[in-house]
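Let's take a walk through this one, looking at the spaces inside the protein and then at the ligand. Have the viewer open as you read.

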Amino acid sequence: MGTSILVTGGTGTLGRAVVDKLTAGHEVRVLSRGHADDRGAEWVRGDLRTGAGVATAVAGVEVVVHCATTNGRGDVAATRNLLAAAHRAGRPHVVYVSIAGSDRIPLAYYRAKQHCERLVEHSELPWTILRTTQFHDLVATFFAMQRWSPAVAVPAGVSFQPIDVRDVADRLAALAAEPAAGRVADLGGPQIRTTRELARTYLQVTGRRRVVLPLPLPGRTFRGYREGRHLVPGNAAGRTTFDEFLAGATRRPG
Ligand SMILES: NC(=O)c1ccc[n+]([C@@H]2O[C@H](COP(=O)([O-])OP(=O)(O)OC[C@H]3O[C@@H](n4cnc5c(N)ncnc54)[C@H](OP(=O)(O)O)[C@@H]3O)[C@@H](O)[C@H]2O)c1
């Protein structure tokens, strides 16, 4: 049945959507540090940072969709361990997901993503890299974290182009089923909207009354965001808008 595919980070925000998409037509294995669930995939317990269980996870797979992230510098060691194990196994096609503009905004996490991209490119494995814009979940979490505050603070003069992880999963699933393509076109959400607009939408859909407070933030990182270096206006291929995502999330149980 289909291709044999390992999804790293298959328990994460994006990875769960990727696993749901891929299990419809492929043999899917998930590497996780935690417990198995019953979503129709094989589970291997392992830790990419230490390398434990990684050889078992990559054994026999044709494709690795690498969605795992430590949300920090640990991504470099994790990616290095994964690629080394893949090399020793059957040299699968590695599909890596990265961040649009991560080479153009001086954020430590983005530097780690860039380092990982270079490792993938120089791995001597067949590879594909897809960069995407920020996920709707990330933007919503940023607002939700401020729920006890009397005002919602947002970086002034900054816009985002958030995308639904199901749209990213569709693209990753298509890439996983094709031959290695190198760096492919970036993938962006359907709309570019200011942080002020996104906050107002969030407040409206979640039924909260708060003042939105744009804060001018100093530094090169925020200048990069104000200049829109993380946006891909020519690649607005995602379908689900932030409003639709929020409406769906508020309808879902839990
Ligand atoms: N969030 C965004 O807006 C955004 C935008 C563009 C691209 N991306 C990229 O998309 C990818 C997925 O992001 P996400 O937000 O979905 O991540 P996430 O929800 O934080 O999930 C992280 C995943 O990584 C796994 N993981 C963490 N440390 C690990 C380790 N040491 N060994 C094995 N697995 C480990 C976790 O699995 P366990 O805890 O089960 O081990 C979890 O499944 C990342 O590469 C990120 O850079 C994100």
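**Cavities and ligand shell**

Lining the largest cavity you'll find Phe143, Ala144, Gln146, Arg147, Val152, Tyr202, Leu203, Arg208 and Arg210. Two elements each give two or more residues to that lining: helix H5 (136–144) and helix H7 (195–205). Sorted by class, the lining has five nonpolar residues, one polar and three charged. Keep in mind that this is a predicted model. The largest cavity has a volume of about 40 Å³, and a search of the whole structure turns up two cavities of 30 Å³ or more.

The second largest cavity comes in at about 30 Å³. Its lining is made up of His136, Pro162, Pro190, Gln191, Arg193, Leu198, Thr241 and Phe242.

Now for the ligand. It is surrounded by 25 residues, and the closest are Thr11, Ser32, Arg33, Tyr109 and Lys113. By class, that shell holds nine nonpolar, 12 polar and four charged residues.

Zoom in on the polar atoms next. Ser32 has a polar side-chain atom 2.6 Å from a ligand oxygen. In the side chain of Asp47, an N or O atom sits 2.8 Å from a nitrogen atom of the ligand. For Asn71, a side-chain N or O atom is 3.2 Å from an oxygen atom of the ligand. Taken alone, the ligand exposes 900 Å², and the protein buries 87% of that. Helix H1 (13–22), strand S5 (93–99) and helix H4 (108–121) are the elements giving two or more residues to the shell, with S5 giving the most, at three residues.

Definitions and conventions. Residues are numbered from 1 along each chain as its sequence is written. This is a predicted model: local features need pLDDT of at least 70, side-chain atom pairs count only at pLDDT 80 or more; totals for chains, interfaces and linings use all residues. Side-chain values use heavy atoms; hydrogens and water are left out. A residue is near a molecule or strand if one of its heavy atoms lies within 4 Å of it. A polar contact is a pair of N or O atoms within 3.5 Å; within protein, one must be able to donate a hydrogen and the other to accept it, and residues adjacent in sequence count only if both atoms are side-chain atoms. Accessible areas come from the Shrake-Rupley method with a 1.4 Å probe; for residues, only the protein chains shown count as cover. Helices (H or I, at least four residues) and strands (E, at least two) are DSSP runs, numbered from the N terminus. Ala, Val, Leu, Ile, Met, Phe, Trp, Tyr, Cys and Pro count as nonpolar, Asp, Glu, Lys and Arg as charged, and the others, Gly among them, as polar. On a 1 Å grid over the protein atoms alone, a cavity is a set of points where a 1.4 Å probe fits but cannot get out, and a pocket is an open set with protein on both sides within 12 Å along at least five of seven lines; lining residues have an atom within 4 Å of a point. Grid points are joined across faces, edges and corners, and a volume is the space filled by probe spheres set on the points.
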